[in-house]
Amino acid sequence: MTNISPPPVPEKLREMLSEYPGHIERLQEVLNNVVYDGRVLLMPFDQAIWALEGRLETFIREANAEYEALQASGDAEAIARAEQKRRLMSQASWKHVWLTDEALWNYFQQS
């Protein structure tokens, strides 16, 4: 890869996850791993997509676990927030929502 700057997290994901900056950082981390791990990549864009999908699936599992843990608490507000987070993470994982991000595509086409 000839790019020195890190690949961009798709804008739509940054917008959707704006209340969860740690999640955005974790998405950036997997993109950086694709680019900077030193391996020769035959399909770097595809590998970046797979990395994002994997991390988004992790977010869903974490949100589900958080929701289930709060169910026993009886805290209606916390349960509602956790349910909202579950829905958001599920929506963010829908690839068609963010796959057409031009900045990410352009990044890997310049490589």
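1. Arg55 is buried, at 18% relative accessibility (buried means under 20% relative accessible area, exposed over 50%, and partly exposed in between, with a 1.4 Å probe and protein chains only). Its partner in a salt bridge is Glu29, with 3.2 Å between the closest N and O atoms; the term covers a side-chain nitrogen of Lys or Arg within 4 Å of a carboxyl oxygen of Asp or Glu. This pair links distant parts of the chain, 26 residues apart: Arg55 sits in helix H3 (residues 44-71) and Glu29 in helix H2 (residues 21-36). Glu29 is partly exposed at 40%.

2. A note on sources: this is a predicted model, where local features need pLDDT of at least 70 and side-chain atom pairs count only at pLDDT 80 or more, while totals for chains, interfaces and linings use all residues. Residues are numbered from 1 along each chain as its sequence is written, and side-chain values use heavy atoms, leaving out hydrogens and water.

3. Glu53 and Lys95 also form a salt bridge, at 3.2 Å from N to O. They lie 42 residues apart, Glu53 in helix H3 and Lys95 in helix H5 (residues 95-98). Helices are DSSP runs (H or I, at least four residues), numbered from the N terminus. Glu53 is partly exposed at 22%, and Lys95 is partly exposed at 34%.

4. Within helix H4 (residues 76-92), Glu83 and Arg87 are four residues apart, so about one helical turn separates them. Shared partners join Glu83, Arg86 and Arg87 into one salt-bridge network. The closest N and O atoms of Glu83 and Arg87 are 3.4 Å apart. Glu83 is buried at 19%, whereas Arg87 is partly exposed at 47%.

5. How many salt bridges does the rule give? The count comes to eight.

Definitions and conventions:
Helices (H or I, at least four residues) and strands (E, at least two) are DSSP runs, numbered from the N terminus.
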